[in-house]
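Let's take a quick tour of this protein model. Have the sequence and the 3D view open, and follow along piece by piece.

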Amino acid sequence: MGNAALRSRYDAVMMPTYAPSIPLVRGEGCRVWDDDGKVYLDLIAGIAVSALGHNHPAIVEAVSAQVSRIAHSSNLFFNEPAVALAERIVGLLGGDARVFFTNSGTEANEAAFKLVRRHAGADRPYVVAAERGFHGRTMGALALTGKASIREPFGPFSANVVFVPYGDVDALKNAVNEGAAAVFLEPALGEGGVIPAPTGYLKAARELCDATGAMLVLDEIQSGFGRTGEWFMHQAEGVKPDVITLAKGLGGGLPIGACVGLGEYGSTFARSDHGSTFGGNPVACAAALAVIDTIESQNLLANVATVGGRLRDGLADVGHPALAGVRGRGLWLALELSGVTSAAVERASRDNGFLVNAVQPDAIRIAPPLILGTAEADRFVAALPEILDLSLQASRES
Ligand SMILES: *Cc1c(COP(=O)(O)O)cnc(C)c1O
């Protein structure tokens with residue numbers, strides 16, 4: 001059909017909420033093809049989702065087998081893949097936790113928000129969240145999202161949220177007191193531009209929550225499941241949250257999310273407190289089990305650390321006037337740009353056969369499949385000077 005023809009069909013019937021660049025037709029490993037037949041190295045993985053890349057045999061096998069057995073159970077009944085997946089997640093978090101499955105990240109945060117309200121009661125009227133934080137687009141998660149331009153057009157919200165500058169311990173101290181029901185944080189700002197919390201920040205949040213009785217909710221929707229070289233980013237900080245939310249990489253491309261209550265918070269929700277028709281869908285759970293099994297059997301956490309480290313070092317050594325720095329951890333990096341827009345760099349990358357993401361006006365996000373190889377990482381490093389040259393030219397011409 002071709003990219004352009006499909007684009008006009010898209011524009012005619014889809015709400016104009018997105019500005020997608022190209023249609024993707026198929027993928028294999030870390031490569032994807034558009035409808036014109038052009039091939040790209042996928043360095044964004046559908047926003048940190050396709051953890052095992054594309055067409056991975058473990059996922060194809062698990063999903064095909066499950067869909068031919070039974071594709072849906074609803075929560076009037078239950079299914080083994082959901083139980084097995086919950087067991088694995090609880091195990092990865094060190095035991096003593098319970099899981100509620102959702103179909104997306106924002107729904108995981110909605111569940112967490114309701115859980116917080118259920119636990120806290122009326123004398124803790126507000127929650128604390130971070131400026132520049134992102135927690136999703138539905139009304140509860142959006143109320144927690146610290147980017148005013150996407151939040152404010154949709155107010156008023158029923159939730160009372162106090163925003164603090166991300167990474168600032170003193171601001172957190174001022175905001176968290178006996179009236180706070182919870183603190184919602186990402187271990188690193190994802191949509192905010194791949195900005196890890198300063199060392200000690202999560203620990204300080206944990207201590208403030210312990211001192212005041214507020215709950216600590218960590219949103220690991222983007223940072224979790226190996227993205228940073230740990231199963232979960234908070235594990236590197238030695239901090240234990242009360243609730244953790246998951247999605248994105250968990251399903252390896254199938255839609256699934258989870259809200260996990262640790263310790264006593266696994267039992268906060270009672271019968272009928274929450275629900276989802278599709279949550280715990282056996283096909284999505286089978287895919288997630290394949291993701292976890294493959295991360296383990298293929299030693300992908302080690303791959304994330306080595307290839308991520310090599311990519312980061314290689315990018316940092318590029319030495320180009322448009323590249324001010326590189327930040328992030330594991331296979332979750334951002335290029336800090338100077339004198340060039342991220343939109344121009346995203347486009348020049350695409351023209352050169354690389355998919356990356358203009359996550360902020362001055363930052364490019366790189367979040368490839370966790371199976372990325374050293375040769376693939378090196379290929380992008382080698383191409384970057386020319387991509388930046390072209391971006392500078394394009395920025396000057398526009
Ligand atoms: C993507 C994301 C969400 C929202 O997930 P959806 O599946 O798009 O609803 C929430 N929190 C964080 C940190 C995310 O990166």
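Start at a strand pair: Asp 42 has Leu 355, in β15, as its bridge partner. Strands here are DSSP runs of E with at least two residues, and helices are runs of H or I with at least four, numbered from the N terminus. Two strands pair if DSSP finds at least two bridges between them. Keep in mind that this is a predicted model, where local features need pLDDT of at least 70, side-chain atom pairs count only at pLDDT 80 or more, and totals for chains, interfaces and linings use all residues. Residues are numbered from 1 along each chain as its sequence is written, and side-chain values use heavy atoms, with hydrogens and water left out.

**Around β3**
- Strand β3 (residues 39–42) runs antiparallel to strand β2 (residues 31–34), and three bridges join them.
- Arg 31 has Leu 41 in β3 as its bridge partner.
- Four residues sit between the strands of this β2 and β3 hairpin, where Gly 37 takes a positive phi near 90 degrees.
- With β15 (residues 354–355), β3 pairs in the parallel sense, over two bridges.

**The four-strand sheet**
- Strands of a sheet pair through backbone hydrogen bonds, either parallel or antiparallel.
- Which order do the strands of the open four-stranded sheet follow? They go β13-β14-β17-β16, with antiparallel pairing.
- At the edges are β13 (323–329) and β16 (357–360), each pairing on one side only.
- Six bridges link β13 to β14 (residues 332–337) in the antiparallel sense, and Arg 327 stands opposite Ala 334 in β14.
- Helix α12 (residues 342–351) lies across β14, β16 and β17 (363–366), running at about 165 degrees to β16. Contact here means heavy atoms within 4.5 Å, and the angle, on a 0 to 180 degrees scale, is between N-to-C directions of axes fitted to C-alpha atoms, for helices over the stretch in contact.

**The ligand**
- Polar contacts are pairs of N or O atoms within 3.5 Å.
- A ligand oxygen is 2.7 Å from a side-chain N or O atom of Gln 222, and a backbone N or O atom of Gly 105 lies 2.8 Å from a ligand oxygen.
- A ligand nitrogen is 3.3 Å from a polar backbone atom of Phe 134.

Methods
Polar contact = N/O pair within 3.5 Å; in protein donor to acceptor, adjacent residues only side chain to side chain.
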